[in-house]
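Here are my notes on the model you sent over. Have it open beside you while you read.

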Amino acid sequence: MITLSSQDDLKAAKEALEAVKNSYPALFEKLVDVINLTRALQFKYQYLGCLITDEDPGNNAPCFVHGSVLRLYKKEFQSLKDDSDSAVLKQAFIEFKHISYAKVSLLAIGMTPESLLGASTIK
């Protein structure tokens, strides 16, 4: 997905994620764990965002992945989704969907809004 994001949008997303981090540290830690697992397995961030927001991942779902790896991923993701405060996270992802789930994910793991400016094709 190609997205153009304004610096204001990216800063607002970063601030929203910081608010989640400060108000719900355990939830945020689970999110970071799942984002890092998504990176390590080379899954698309769009797939993670779709799972969080209960959307159909469509062609963003991982292909040619062993069932055991996908089960492990979904088990880790389920611990995030089962958190009693997961609705807060879902709302943040929905609110900033227009800047892409990839950029929201990268902001969550510490990238700066300035580093994500301009067009990108992060999946």
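1. To start with a side chain: is Lys97 buried, exposed or partly exposed? Lys97 counts as partly exposed, since its relative accessibility is 37%; buried here means under 20% relative accessible area, exposed over 50%, and partly exposed in between, with a 1.4 Å probe and protein chains only.

2. Some ground rules. This is a predicted model, where local features need pLDDT of at least 70 and side-chain atom pairs count only at pLDDT 80 or more, while totals for chains, interfaces and linings use all residues. Residues are numbered from 1 along each chain as its sequence is written, and side-chain values use heavy atoms, with hydrogens and water left out.

3. Overall fold. The protein chain has 6 helices and 0 strands (DSSP runs numbered from the N terminus: H or I of at least four residues for helices, E of at least two for strands). Its C-alpha trace spans about 40 × 30 × 20 Å along the principal axes. The radius of gyration is 14 Å, which agrees with the value near 14 Å for a compact globule of 123 residues; that radius is taken over C-alpha atoms, and the globule rule is 2.2 Å times the number of residues to the power 0.38. Buried residues make up 38% of the 123.

4. Contacts (heavy atoms within 4.5 Å). Of those between residues at least 6 apart in sequence, 74% join residues at least 24 apart.

5. Helix H5, residues 86-95. Ser86, Leu89, Ala92 and Phe93 are buried there. They sit on the same side of H5 because they cover an arc of only 120° around the axis, the arc being that of the directions from the helix axis to the C-beta atoms. The buried residues of H5 pack against H2 (25-40), H3 (45-52), H4 (67-81) and H6 (101-108).

6. Leu48 belongs to helix H3 and counts as buried, at 0% relative accessibility. Beyond its neighbours within four places in sequence, Leu48 is in contact with Val34, Ile35, Thr38, Tyr73, Phe77 and Ser105.

7. Salt bridges: there are 4 in the structure, each a side-chain nitrogen of Lys or Arg within 4 Å of a carboxyl oxygen of Asp or Glu. Lys97 pairs with Glu55, with the closest N and O atoms 3.1 Å apart. Lys97 is in the loop between H5 and H6 and Glu55 in the loop between H3 and H4, so this pair ties together parts 42 residues apart in sequence. Asp83 and Lys30 also meet in a salt bridge (3.0 Å, N to O). That pair links the loop between H4 and H5, where Asp83 lies, to Lys30 in helix H2, 53 residues away. Asp83 counts as buried at 12% relative accessibility, whereas Lys30 is partly exposed at 28%.

8. Asp54, Lys81 and Lys90 are linked in a network of salt bridges, with 3.0 Å between the closest N and O atoms of Lys81 and Asp54. Asp54 also has a positive phi, near 60°, without being a glycine. Gln42, in the loop between H2 and H3, has a positive phi of about 60° too.

9. One to look at: Lys14, in helix H1 (residues 7-23). Lys14 is buried yet has no salt bridge, and Glu18, the nearest side chain of opposite charge, is 4.1 Å away (Lys and Arg count as positive, Asp and Glu as negative; His and the chain ends are not counted). Neighbours within four places aside, Lys14 is in contact with Leu107, Gly110, Met111 and Pro113.
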